[in-house]
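The exercises below are meant to be worked through slowly, with the sequence and the structure side by side. Try each task before reading its solution.

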Amino acid sequence: MRPISHRSGTPRVRLWLVVILSCAAVFAGLLLGSRPLARLVERRANAALQRAYDGQLEVKHLQVSLFPHVLVNLQGISLHRDDPGGVLLITINKAVGATGYWDLLRRPLHIRRMTVDQLEIHVPPRKQDGSAHPTESHSKRLPRFVIDELVANGTKLEILPKDAGKLPLEFDIHDLTLTGVSLDAPMKFRAILTNAKPAGDIHSTGTFGPWQLDDPAETPVQGTYTFRNADLSVFKGIAGTLSSEGKYQGVLDHINVQGQTDTPDFTVKVSGNPVHLVTQFQAVVDGMNGDTRLDPVDGQFGHSSLVARGLVHGTRGEHGKTTDLDVEVSQGRLEDMLRLGVKGSQPSMTGAISFHTKLEIPPGPVEIPEKLILDGQFAAEQTRFAQLNIQERVDKLSARGRGDAGAPDDPVVASNFQGRFTLKDGVMNFQQLSFQVPGVQVGLDGNYGLLDEKLDLHGTAQLKAKLSQTVTGFKSFLLKPLDPFFRKGGVNTSLRFHIGGTRSHPTFGLDLGDSHKSGDSHKDPATAKVAGGN
């Protein structure tokens with residue numbers, strides 16, 4: 001029995017020996033072939049990328065391992081465009097790609113997963129000859145490869161400006177995942193971008209590509225984004241926590257964006273009064289330089305709405321962006337505007353308001369109220385003064401202007417409150433500021449400091465009644481001889497006055513000099529204290 005068992009085991013031993021030797025031979029062959037394979041991969045990568053970008057690829061170190069799958073390790077990668085300028089397009093500190101054996105034989109070549117550390121992408125400006133699309137022959141010679149998933153940690157994107165005097169546009173993308181990466185088809189992405197100012201993370205998903213080799217500005221992009229808990233206090237002069245979300249599509253130098261923002265505690269530090277500001281906007285963003293056209297921005301706060309249109313743009317030789325907007329409020333509330341821009345929890349006036357202004361915010365470290373530039377006009381209706389002492393004086397002014405020295409039982413409503421205004425260097429200048437109540441037309445001009453709250457206003461109060469009719473009894477008798485001196489241009493009584501002091505502690509007085517005759521054409525509700533005083 002033993003010889004039979006021995007003869008039957010011999011073929012098995014031989015079979016296992018053949019298998020072992022065959023595996024050893026394959027293993028040895030693969031080991032011996034890894035170096036030629038590494039050279040082959042390097043040659044294919046160089047050829048593919050050079051064909052794609054018309055540039056020259058440099059790889060300081062490349063290593064290939066074959067077990068348990070194909071693993072390619074590259075270090076010190078840089079890609080320059082092959083032109084007289086030799087523009088640097090891409091640098092990578094380290095890239096590791098993994099794929100299967102059969103994927104090496106597929107057409108197009110497939111890489112299952114690639115991880116990239118310290119990726120820097122430099123996008124050159126649009127060609128000066130105006131070419132916008134790759135030629136058909138150029139498109140046909142694109143390298144055929146697909147990276148199923150590419151993960152990049154610590155990516156920096158720099159877009160070079162056409163104007164050498166402008167600074168490049170930079171983005172920090174600390175988490176980036178691309179799927180279906182190819183040079184001749186769109187690829188999906190998930191990205192988290194670090195927004196420098198205001199600080200925060202922008203989460204975005206969408207598609208990018210195919211990459212337009214002859215003109216990167218024409219590369220398509222679309223997606224959605226969210227931006228949460230951005231601290232606006234980094235902008236000097238304002239504060240609040242902003243959140244935003246929206247969607248975008250287009251090409252790099254013309255991206256259409258639709259979105260909305262929500263800032264429940266938006267505050268202009270001059271006033272210190274937070275308001276809930278919500279906006280919906282449509283914009284066109286030039287991804288090559290960051291310039292943005294807003295058309296329109298619809299904003300709401302309190303019981304007021306505004307519409308803004310304009311441009312946020314860079315200026316040659318300056319860091320930062322200039323904001324130029326055209327702002328209009330058609331159905332707003334005066335108390336909302338005062339709460340936003342003037343100190344005090346209780347606005348001094350209430351009523352309906354409409355206004356239109358040009359708005360400019362130049363770049364720079366100065367606080368927004370100091371560098372904000374306005375040029376506009378406004379009109380307010382059904383205006384009342386929230387401060388009782390002012391409203392009482394307005395009531396008395398109206399009564400005396402009509403020749404009735406007795407104060408009315410019901411408060412008088414100021415109407416036709418309007419004027420022009422400019423703001424520069426933190427000082428508001430009023431021109432042709434006016435309001436009227438029954439029996440009185442008031443007008444003034446002058447300045448108000450947003451920061452120091454100082455008042456310097458000069459104006460005129462024109463009364464329907466004679467001066468002697470504004471009081472009763474013996475005072476009326478004494479003033480009758482002065483009536484002719486205060487008649488002017490068919491108006492029974494014309495008084496020039498001055499308002500000084502500060503917003504919280506104003507001073508009022510008659511302006512008897514000739515140096516402010518121009519005040520005859522200007523008006524202000526606060527002047528009611530002059531004629532309405534004791």
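**Exercise 1.** In which strand is Thr323 found, and is Thr323 buried or partly exposed?

Before starting, note that this is a predicted model, in which local features need pLDDT of at least 70 and side-chain atom pairs count only at pLDDT 80 or more, while totals for chains, interfaces and linings use all residues. Residues are numbered from 1 along each chain as its sequence is written, and side-chain values use heavy atoms, with hydrogens and water left out.

*Solution.* Begin with the chain: Thr323 lies in strand E16, which covers residues 321-333; helices (H or I, at least four residues) and strands (E, at least two) are DSSP runs, numbered from the N terminus. Next, take its accessibility: Thr323 counts as buried because its relative accessibility is 18%, where buried means under 20% relative accessible area, exposed over 50%, and partly exposed in between (1.4 Å probe, protein chains only). Finally, look at its surroundings: leaving out residues up to four places away in sequence, Thr323 touches Leu311, Val312, Leu359, Glu360 and Ile361, a contact being heavy atoms within 4.5 Å.

**Exercise 2.** Why does Gln462 count as partly exposed, and which residues is Gln462 in contact with beyond its neighbours within four places in sequence?

*Solution.* First locate Gln462, which sits in strand E22 (residues 455-463). Gln462 counts as partly exposed because its relative accessibility is 29%. Its contacts, with neighbours within four places in sequence set aside, are Gly439, Val440, Gln441, Val491, Thr493 and Ser494.

**Exercise 3.** Why is helix H3 largely enclosed by the rest of the structure?

*Solution.* Helix H3 spans residues 334-341, and six of its eight residues are buried, so the helix is largely enclosed by the rest of the structure. The buried residues in H3 are Leu334, Glu335, Asp336, Met337, Leu338 and Leu340.

**Exercise 4.** Which residues have the most contacts inside the largest nonpolar core?

*Solution.* A nonpolar core is a set of buried Ala, Val, Leu, Ile, Met, Phe, Trp, Tyr and Cys residues joined through side-chain atoms within 4.5 Å. The largest one has 98 residues, and Val116, Leu150 and Phe266 have the most contacts inside it. Strand E4 (residues 109-123) supplies the largest share of this core, six residues. Turning to Leu150, its contacts beyond four places in sequence include Met114, Val116 and Leu176.
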